[in-house]
Amino acid sequence: MSHIVVDMNNPTPPYEQVRREIIEQVRTGELQEGDRLPAIRVLASDLGLAPGTVARAYKLLEEGGVVITRRGAGTTVAPGARQQAGKHAAAIARVSGGPVADELLELVAGPVAEARRRGHQDSEILAAVRQALAQA
């Protein structure tokens with residue numbers, strides 16, 4: 001699992017940011033079926049969040065068919081999760097304002113492709129874009 005970024009200045013609640021980041025990692029293949037997610041307390045500690053915040057994100061992911069939680073075995077990416085993540089990502093895009101304008105997409109596509117070519121994960125690229133926006 002790649003690094004998850006939670007922006008406390010973002011109006012989106014932290015549990016929803018965690019949920020969206022995991023959905024994106026599943027959608028892009030960074031997380032594969034059967035991959036184990038960190039324990040709730042571990043991820044909460046890493047992100048500086050309350051365990052209940054991460055538990056809420058995991059619960060919503062489980063309800064959405066993206067992860068499975070089994071007592072004693074932890075939380076893993078569910079079978080068929082990539083397809084489910086695609087559906088969730090499309091719904092998130094609709095709620096957050098829909099598709100990006102073609103001109104803007106064209107502007108950022110080149111640098112994103114270059115960052116991927118250099119081995120950076122999508123979550124790292126997104127964190128870098130967020131940091132650049134905060135500094136601009």
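Helix axes are described here as lines fitted to C-alpha atoms over the stretch in contact, with angles running from 0 to 180 degrees between N-to-C directions. The structure is a predicted model, in which local features need pLDDT of at least 70, side-chain atom pairs count only at pLDDT 80 or more, and totals for chains, interfaces and linings use all residues. Residues are numbered from 1 along each chain as its sequence is written, and side-chain values use heavy atoms, leaving out hydrogens and water.

To begin with the overall picture, the protein has 6 helices and 2 strands, defined as DSSP runs numbered from the N terminus (helices H or I, at least four residues; strands E, at least two). Along the sequence they follow the pattern α-α-α-β-β-α-α-α. The C-alpha trace spans about 45 × 30 × 30 Å along its principal axes.

The axes of α1 (residues 14-27) and α6 (residues 122-135) come within 10 Å and cross at roughly 135°. The two helices are therefore oblique to each other (angles under 35 degrees count as roughly parallel, over 145 as roughly antiparallel, 65 to 115 as roughly perpendicular and the rest as oblique). In this contact (heavy atoms within 4.5 Å), Glu21, Glu24 and Gln25 of α1 meet Asp122, Ser123, Leu126 and Arg130 of α6.

Turning to the rings, Arg56 lies over the face of Tyr15, at 3.8 Å from the ring centre; this placement requires CZ of Arg, or NZ of Lys, within 6 Å of the ring centre and within 35 degrees of the ring normal.
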